[in-house]
Amino acid sequence: MINIIGLGYIGLPTALMFAKSGIKVVGTDYNANLVSSLIEGKLPFEEEGLEELFQEARSNEIEFTTEYQKTHTYILAVPTPYIKESKKLDPKYVISALNSVLDVCDKGAVIIIESTISPGTIDKYIRPAIERKGYVIGEDIHLLHAPERIIPGNMVYELEYNSRTIGTDNQEIGEKVKGLYTNFCKEEIVVTDIRSAEMSKVVENTYRDINIAFANELAKICHTDNMNVYEIIRIANMHPRVNIMQPGPGVGGHCISVDPWFLVGDYPDLTNLILTARKINDSMPRHVLGRIRDIMREHGIKDISKVGLYGLTYKENVDDTRESPTLQLLERMDEHLAFGVKVFDPLVKERIVDHQFMNFDDFINEIEIVVVMVGHDHIKNNMDSIKDKHVLDTKNICTIVDDVYNL
Ligand code: SAJ
């Protein structure tokens with residue numbers, strides 16, 4: 001039996017995948033409300049294919065509880081927030097979950113950390129926490145790091161078809177854990193040491209951040225001299241060794257906009273490129289604000305309440321708003337006392353900001369400028385409703401709009 005700790009964006013789909021593949025799983029979360037909804041068969045968030053996976057898992061052996069189980073194998077997928085001011089990782093949830101596991105686990109138990117952690121966290125915090133309880137690592141407890149790689153919006157597919165990394169002190173245990181993941185993971189699973197596993201995870205997200213920053217910088221250059229950045233990227237990407245990503249209104253989510261800071265925090269003198277990329281991506285909401293001002297001026301629109309931001313989530317077709325560019329933009333506006341911009345997102349079911357509309361038609365009827373911040377399928381299917389507005393299209397998705405502006 002595997003006890004999976006933390007039933008959020010990563011832990012829950014992983015638990016369901018193991019259960020679907022026939023392994024007995026107990027999912028533990030300290031949030032009693034979440035646990036009771038799961039027991040009732042309700043999922044806490046939407047995700048392509050998750051409902052079907054949930055049904056299949058429930059027909060096998062899966063339980064949800066707030067209690068930690070006495071067993072031999074644990075997977076920890078609890079949040080690892082970062083401290084906003086210092087940009088350092090806050091390991092409090094991993095440490096507290098780990099301590100609770102250590103209080104009940106079998107001797108010789110395998111503890112796998114899936115949560116994203118900054119390089120060095122295992123040596124700095126996790127090993128000492130285990131040793132403080134009097135356990136000998138490698139004898140009483142086997143510690144592994146198997147960082148997750150799945151992308152919101154395509155999680156269920158990627159659990160099965162992404163390759164994975166397993167970091168371990170002991171090759172033999174690493175191979176055993178690899179065997180466990182092979183129950184559902186069809187791609188290659190690399191067994192390596194723990195520091196390489198920690199570092200490669202953060203490097204993957206940093207690579208993406210830098211590539212997006214390059215696209216965003218190109219967008220600014222092209223805007224200054226009236227060139228079409230999308231056309232230029234499209235052509236450049238035809239070169240067999242070029243693969244530039246897409247510019248956008250900023251980088252959100254809890255991974256790409258966060259992980260590079262771990263490297264900047266730990267190696268401040270060595271991370272010029274990484275820091276610059278972060279700054280470029282963080283500057284995008286302000287750039288969007290400047291573009292909104294240009295369009296308002298051009299059309300003599302003085303009232304900010306005539307402007308509507310479409311999309312509150314950090315990317316298309318997900319309901320997750322963490323660190324989203326729209327929230328970053330609203331924060332900037334707030335600092336400048338610019339209140340009253342209207343906001344709508346079809347996937348965000350609760351009111352989380354001022355002047356948020358819950359009905360698309362009401363939103364559209366009250367504004368003259370639409371700023372497309374997120375390329376949800378919903379707006380692609382409703383192009384007709386915005387075609388007569390002035391549209392700032394930060395995602396390059398608007399097709400039939402007459403008066404369209406780019407980043
Ligand atoms: N974005 C752009 N331009 C692009 C692609 C994305 O501006 O061309 C923006 C998105 O709009 C979004 C942000 O970047 O605001 C991040 O979105 P994403 O789809 O690139 O990535 P995440 O944060 O959803 O998931 C990433 C993934 N990492 C990599 O692709 C290297 C995922 O595989 C990881 O599991 C996840 O981080 C994580 O948990 O670390």
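Guide: Partly exposed describes a residue whose relative accessible area lies between the limits for buried, under 20%, and exposed, over 50%. The model is a predicted one.

Visitor: Why is Arg322 called partly exposed?

Guide: Arg322 has a relative accessibility of 35%, and because buried means under 20% and exposed means over 50%, Arg322 counts as partly exposed.

Visitor: What makes the pairing of Arg322 with Asp320 a salt bridge?

Guide: The closest N and O atoms of Arg322 and Asp320 are 3.0 Å apart, and since the rule asks for a side-chain nitrogen of Lys or Arg within 4 Å of a carboxyl oxygen of Asp or Glu, the pair qualifies as a salt bridge. Asp320, with a relative accessible area of 4%, is buried, whereas Arg322 is partly exposed.

Visitor: How many salt bridges does this rule give?

Guide: The count comes to 22 salt bridges. Among them is the one in which the side chains of Asp209 and Arg278 meet, at 2.7 Å from N to O. This pair links distant parts of the chain, with Asp209 in helix H8 and Arg278 in helix H11 (residues 272–298), 69 residues apart.

Visitor: How do you know whether Asp209 and Arg278 are buried or exposed?

Guide: The limit for buried is under 20% relative accessible area; Asp209 stands at 1% and therefore counts as buried, and Arg278, at 1% relative accessibility, is likewise buried.

Visitor: Which salt bridge does Glu40 make, and how accessible are the partners?

Guide: The side chain of Glu40 meets that of Lys42 in a salt bridge of 2.8 Å, N to O. Glu40 has a relative accessible area of 53%, so Glu40 is exposed, while Lys42, with 48%, is partly exposed. A network of salt bridges also links Lys24, Glu61 and Glu63.

Visitor: What makes the patch of Glu48, Glu51, Glu52 and Glu56 a negative one?

Guide: Asp and Glu count as negative, and the surface patch is formed by Glu48, Glu51, Glu52 and Glu56.

Visitor: Why is Ile194 called buried?

Guide: Ile194, which lies in helix H8, has 4% relative accessibility, and with the limit set at under 20% Ile194 therefore counts as buried. Its C-alpha atom is separated by 41 Å from that of Val353, which is 159 residues away along the chain.

Visitor: What makes the pair of His376 and Asp345 a polar contact?

Guide: The side chains of His376 and Asp345 are in contact at 3.0 Å, and because a polar contact requires N or O atoms within 3.5 Å, one able to donate a hydrogen and the other to accept it, the pair is given as a polar contact. His376 is placed in the loop between strand S14 (369–372) and helix H14 (377–380), and with a relative accessible area of 1% His376 is buried.

Methods: Residues numbered from 1 in each chain as written. Predicted model: local features only at pLDDT ≥ 70, side-chain atom pairs only at ≥ 80, totals over all residues. Heavy atoms only, no water. Patch = residues over 30% accessible without salt bridge, like charges linked within 9 Å, V, L, I, M, F, W, Y side chains within 5 Å. Areas by Shrake-Rupley, 256 points an atom, 1.4 Å probe, with all protein chains shown as cover. Charge placed at Lys NZ, Arg CZ, Asp CG, Glu CD. Helix = DSSP H or I, 4+ residues; strand = E, 2+ residues; numbered from the N terminus. Buried < 20%, exposed > 50% of the residue type's maximum accessible area, 1.4 Å probe, protein only.
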